[in-house]
Amino acid sequence: MGSINFPGEEERVLQHWNDIHAFHRQLELSKDNPPYVFYDGPPFATGTPHYGHLLASTIKDIIPRYWSMRGRYVERRFGWDTHGVPIEQIIDKQLQGELGVRGKAAVDKIGIAEYNRRCREVVLTYANEWRKVIGRVGRWIDFDRDYKTMDPSFMETCWWVFGQLYRKGLVYHGARVLPYSTALNTPLSKSEASEEYKDVQDPAITVNFPLLPLAEQPEGVRQSVQKALDAAQGKSVYFVAWTTTPWTLPSNVALCAHPDYEYLLVLDKESDNVYIMLEAGLKVLYKDPKKAKDKFQTLPLKLKGSELAGIRYKPLFDYFYTQFKDAGFKVLLDTYVKQDEGVGIVHQSPAFGEDDYQISWREGVITAERQPPNPLNAGGEYTSEVPAFEGQHVKAADKNIMKHLEGLNRLVRKSQITHRYPHCPRSKTPLIQRAVPSWFIKVEQSVPDLLANLEKTHWVPSMVKTGRFHQWLAAAKDWNVSRNRYWGTPLPLWVSDDMKEIVCVSSVAELKKLSGFAGEIKDLHRDSVDQITIPSQQGKGTLKRVEEVFDCWFESGSMPYASSHYPFDYPDFDASTADSGLSRTNGPGKEFFTKYPGDFIAEGLDQTRGWFYTLSVLGTHLFNTFPYKNCVVNGIVLAEDGKKMSKSLKNFPDPMLVVDRYGADALRLYLIDSPVVRGEPLRFSEIGVKQIVSGVLLPLWNSYNFFAQQAALLKKNTGSDFTFDPDMQRTNENVMDRWILASTQSLLQYVNTEMEAYRLYTVVPRLLKMVDDTTNWYIRFNRNRLKGQAGSAAPKAATNGETGESAVDEEQIDTLHALNTLYEVLYTLVRALAPFIPFLSDNIFQRLAPHLPESVKSAQDVRSVHFTAFPTVRQELFDTAVERRVSRMQKVIELGRLCRDRRTISLKTPLKTLVVLHQDQEFLDDVRTLQGYVTEELNVRDLVLTTEEARYGVEYSVQADVKNLGMKFKKDAAKIKAALPKLSKEEIHTYLSFGSLTVEGHALTAEDLRIQRGLKQSNETANLEVAVEGEVLVLLDSFAYPELAQEGLAREVLNRVQRLRKRAGLVPTDDVRLSYSVLSPLAAANGGSDGAVTDGEKGANAEVSRLEAERLVEDMFAQQAATFTKAASKGVMNRAGGGEEDGVIAEEEAEVKELRLMLRLLKA
């Protein structure tokens, strides 16, 4: 197979899936299995998918794939959020270009029907692009049976959900100060308003409010006013208030002070006015009061805030004077006033501040009959109620208002402030606070139920549940569910002109019945239902539908019900009964509750205030349960520079270009094996995707490729195809085979446990470790066994009775054991990886499938790994002892490699001794059982396993955790630290044995100390390299002894000779002579690759290399003759001259330490 083009192979697999209708085939195969319910949150189709979508799609693909392989039926339907501002913005932009107007003015010109027609036309602009991209990243989901929030069936269920809440008394109409988008002409929910904050500069001004003359003050406050006037000694007295929203001042109707604060009287020497304010507010008027004492004087009188209540002042403007002259323009009290902001008095504009509204309502300044001044149109422009600024947008009017106040000598100070200010997440324009008549769903009273239901759900990561989402629910406010828009699901409320009679409609059938409408209602948008009226049952004439539509979050929150048109399309639905659909055991609920609540949802962290919230509220209100059991929350994908990904900044690579370069598997695995799955941010790096290819996918592919090559070699040598035999493992005693098989079972057990807990971030590293164990440990250590231990050619053995055949059979069986083991590991691994990397796992599976026994192939559809079951744990293959032994061997080898790396000594250089020190004898015994692997891998002659640290001069030192000591022991920490170097070896060993130690009268534990081990530097230890991990310490003698290379070569050649004797069926007492010849290096034998070198030069170079190798081998046989006295009892001869030899028993071409030898056994 050789090299592989992963993106190209993925395209081939994708075509295969399309050819066999793989997704639908998988659904068909599992249709009789118990359901596993996954709810897919609907995205907008007004743009192309970005990395956040691809991350969410990967999570939403992995988990359903896994549970489908675990024997569940997982229906996966795509959903589209088709209503709301994103669509209307597109149309508004069109209309702005065509008509020069947008929003309500544009709708008035073209009509709602035409406006909605245009919305419907563009709503799925990018649907095909989504289908292509989502399919290319390997996600299996049904686009043909998708749901759309604009479907009449979906909208009707939204009516039903709202109707149930209305019947429960959870819906009310009121005015509330809400975040308001003047660009969109609509209020937003508080969760929407908190999505986007920007640093902005706003004016910060202080305005004066002169006290009315004593005679015009109420009787109850005249004493306080008189005290202020007396202190001012004839100078004018003013309240001052600070604001960053000058545009709200024309609507001012009151001031507010804190009842418990002490207010000063300050004489401003420049204006000769006296201001009532807090001392903390002096910095607002004078920046640095200590340096500006010549600009003001503090008068001796101090008034408590409670003494200011009811004092009346002259309003800034007279626009609303007549309406509020009796009830307003006075000081109110409330503890929301802050000392650290402004001057301690806050101006009240009830229509444009939530606190202002509540306080003014409580104090009777505003009432149901006396509504707060709200002189703005839907676009945030002043109306004729404020003629001086009529037609000006509030933000644009700030400068003109300040200029006007300056002319009236009412402006005390003006400056600018930079602060975080909420912006509309759709239009990116500043929001204002505004009192808007709206429809609300009660939430605050249900907070205890919401928190109780939250406890019944499982979240990953759990900190989102216990932290962010818990806090959001605990502080939940009533939900403003109405929007003053056009393209959305209309609120199903019909009201009388005086709003006293309200009818909530729950279905199309009910609307037709109540209205007497005889026609067919095929659509539920405003242009279809607004003209339908309902006769009043209270003699109030005709009821008309309210103008508002649903907040689109209400629609997405209704998705568990509306996506399947609950309850209308379910058995036993009774349209004549308002309660039909609410029972869990009867009617439509009998079937619905077999798959509700859903098993799993997943979205980004931002949805804690969006979809997760609305799902939870509606589920609690309807059925007192959250509509999901498990919730996986991912973090946000940022650009590599840590900023938000931005098309305009071009600070991230196009997702599909990344897929085209590296493949979807690489992108999926990169995203899943990252902090983003733990709810943390990820800085996207294309290099990271590339590293997944080289570090994971390529090794996995090479593992399969190696198996395929050895299976082909087996067929060449035996004439038989390899067929997997799962029962063969019962007779397999090879320790590495048993280890990798046991590790595979442990992996499966772990993956199942973690996937059942939805912890993807723990699963992926374990899967990747298994790939590493397979490629870098199992195959590396068993390469010769898997190759049949025959080098590049099969041995030619003379027949020597049954003994020779038996030896060959034994070797072939060992090869089959190794191949069978590698096959089982790969076969298991691709099924375990299938949910994560669906393309490569299926690619390899399709190549492995022909080697399955017929009994397996005939029992299942083997055209795709995704049709198979997730591998089950084979209990009989568990072997914790072998796993422990190999794990300890791996640790020793890794430490040995580390020692070589530190000394920059290649593994090709033979070294003499590796000492392993550990106080646990079992650890040493475990390593001893595998010492052959250790010495071979690390290329050392001797392995010493011992507990005798003193013999090798191991020294201990104690390091303090300075930070922890300081926190625990304060001033004694320094004494403790100073005493640590004086600890004896016995004291340190006591600490290591018992985990605690008393120093300077304080008990120290593992969190306080760090024990380090090493060797004392000396001439004797200069060549010893030390590596430590936990309790194990290794010493590597790094000196290069010249004779070791010969010894190592002799051992390798002897191994080949003994194997050749075994294959020839010889017994130890059979005498033979060994003949050898050194062949040209393999590269030269294959012709080389450098086109600039002539054939003659190649041949000459090859001969030089061969002669050098021959000299090395001759020296080895001469110096190490004793090594071969038994294996070649009749001597060793160099067959350099070539020619035929008599009496050949067996021969083999062998590769030994980069040398090519022809070895022959000759009759004595």
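Strand β7 (residues 254-257) pairs with β11 in the parallel sense over three bridges, where two strands count as paired if DSSP finds at least two bridges between them. The structure is a predicted model, in which local features need pLDDT of at least 70, side-chain atom pairs count only at pLDDT 80 or more, and totals for chains, interfaces and linings use all residues. Residues are numbered from 1 along each chain as its sequence is written, and side-chain values use heavy atoms, with hydrogens and water left out. Helices (H or I, at least four residues) and strands (E, at least two) are DSSP runs, numbered from the N terminus.

**The sheet around β7**

- Strands β11, β7 and β12 form an open sheet in the order β11-β7-β12, and the pairing in this sheet is mixed.
- The edges are taken by β11 (331-333) and β12 (345-348), each of which pairs on one side only, and the twist averages 35° from one strand to the next.
- Helix α14 (residues 354-362) lies across β7, β11 and β12 and runs at about 80° to β12; axes are lines fitted to C-alpha atoms, for helices over the stretch in contact, and angles run from 0 to 180 degrees between N-to-C directions.
- Phe-329 is found in the loop between α13 (321-324) and β11, and its phi is near 55°, a positive value in a residue other than glycine.

**The sheet of β18 to β21**

- Four strands make an open sheet in the order β19-β18-β21-β20, with antiparallel pairing.
- β19 (502-504) and β20 (534-535) stand at the edges, and because each has a single partner strand, one side of each is left without a neighbour in the sheet.
- Strand β18 (residues 493-495) runs antiparallel to β19 and is joined to β19 by three bridges, with Leu-493 standing opposite Cys-504 in β19.
- Helix α8 lies across β18 and β19, running at about 130° to β19, and contact here means heavy atoms within 4.5 Å.

**Helices packed against α23**

- Helix α8 (residues 152-167) and helix α23 (residues 611-623) pack at an angle of about 60°, with their axes 10 Å apart.
- That angle makes α8 oblique to α23, since angles under 35 degrees count as roughly parallel, over 145 as roughly antiparallel, 65 to 115 as roughly perpendicular and the rest as oblique.
- The crossing of α8 and α23 is left-handed; a crossing is left-handed if the near helix is turned anticlockwise from the far one by less than a right angle, and right-handed if clockwise.
- From α8, Trp-160, Val-161, Gln-164 and Leu-165 meet Leu-618, His-621, Leu-622 and Phe-623 of α23.
- The residues of this contact of α8 with α23 divide into six nonpolar, two polar and no charged, where Ala, Val, Leu, Ile, Met, Phe, Trp, Tyr, Cys and Pro count as nonpolar, Asp, Glu, Lys and Arg as charged, and the others, Gly among them, as polar.
- Helix α17 (residues 462-474) also meets α23: the two axes come within 11 Å and cross at roughly 50°, which makes α17 oblique to α23.
- The crossing of α17 and α23 is right-handed, and the contact is made by Phe-469, Trp-472 and Leu-473 of α17 with Phe-612, Tyr-613 and Ser-616 of α23.
- By class, the contact of α17 with α23 has five nonpolar, one polar and no charged residues.

**The α26 and α28 pair**

- Helix α26 (residues 686-718) and helix α28 (residues 760-786) pack at an angle of about 30°, with their axes 10 Å apart, and the two are therefore roughly parallel to each other.
- α26 passes α28 in a left-handed crossing.
- Residues meeting across this pair include Leu-700 and Phe-706 in α26 and Val-771 and Ile-779 in α28.
- The residues of the contact of α26 with α28 divide into eight nonpolar, four polar and one charged.

**Cis peptide bonds**

- The peptide bond from Val-460 to Pro-461 is cis, with omega near 0°, and Pro-461 lies in the loop between β15 (458-460) and α17.
- A cis peptide bond also joins Tyr-596 and Pro-597, with omega about 0°, and Pro-597 has its place in the loop between α22 (589-592) and β23 (598-604).
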